[in-house]
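Welcome! Let's take a friendly walk through this structure, one topic at a time.

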Amino acid sequence: LRCCSSNGSGEKERTLGIIKPDGLSENAANFYAEHSSKPFFTNLIKYMTSGPVLVMILEKEDAVIHWRELIGPTDAGKAKITHPQSLRAMCGVDIEKNCVHGSDSHQSAQREIAFFFKEAPSAFKTEAVRKHDEL
Ligand code: GDP
Ligand code: MG
C-alpha cells in the first residue's frame, strides 16, 4: 500500500477519522476477553469506555514486574492501606476504578502491545526507525 494524491503530485492530504463509541467498546471487550465470564465484566467495559485512555509502551529491564509493583494491587481501596505509595492507592477509587493497567506477564505484555500497536509497514517508517529496528 502506498500513499499518493489522486493527481500524482505527491502533495499531502488530510482526512478525519473518528473511532465511535461502539468501536471503543468492542476494543475494550476484546482486550479484556479473559474476564468475559466474570460478573464484573459489563461494568468493567462501561468503565473502560467512559472516557479517553492513554496507552503506552514502557521499556526497561524487568518492566512487567516493576510496573506492576509501581501500580500496586488491583483493589485501589485496599491499596490505600497496604500500599499507600502505589499509583492505584494515589489515583484509584476501588476494585474497579483503579486508574491504571499493567500487563501481568511477559506473554500478556507481548499480546497486549500487539493489540494496540500494529507493526507499521516498513515503507511508512522513517530511516531512524528502520535503523532502530535493526539494532
Ligand atoms: P489487574 O491485573 O490488577 O488489573 O486485575 P484483573 O486482571 O483481575 O482485572 C482487570 C480489571 O477488572 C481490574 O483492573 C479492575 O478494573 C476490574 N476488576 C477486577 N476485579 C474486579 C471485581 O471484583 N469487581 C469489579 N467491579 N471490577 C474488577
Ligand atoms: Mg490483569
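## Two domains

In this predicted model, the domain assignment divides the protein chain into domain 1 (18-53) and domain 2 (57-123). Taken over C-alpha atoms, the centres of domain 1 and domain 2 are 17 Å apart.

## Around the ligand

Which residues surround ligand 1? They are H35, F40, N43, L44, T74, I95, E96, N98, H101 and D104.

Where does ligand 1 lie relative to the domains? Residues of the shell come from both domain 1 (18-53) and domain 2 (57-123), so ligand 1 lies between them.

## Binding-site annotations

An unreviewed UniProt entry lists K20, F40, R68, T74, R88 and N98 under "binding site". These residues do not all gather at one spot, because they span 79 residues in sequence and their farthest two C-alpha atoms are 30.7 Å apart.

K20 sits in the segment before α1 (21-31). Is K20 buried or exposed? It is exposed: K20 has 7 other C-beta atoms within 10 Å, and a residue counts as exposed at 12 or fewer.

R68 counts as partly exposed, because it has 15 C-beta neighbours inside 10 Å, a count in between the limits of 12 or fewer for exposed and 20 or more for buried.

How values were computed: Residues numbered from 1 in each chain as written. Chains lettered and ligands numbered in written order. Predicted model: local features only at pLDDT ≥ 70, side-chain atom pairs only at ≥ 80, totals over all residues. UniProt positions renumbered as here; feature names shortened; annotations may be inferred. Helix = DSSP H or I, 4+ residues; strand = E, 2+ residues; numbered from the N terminus. Near = placed C-beta within 6 Å. Domains from an automatic or database assignment.
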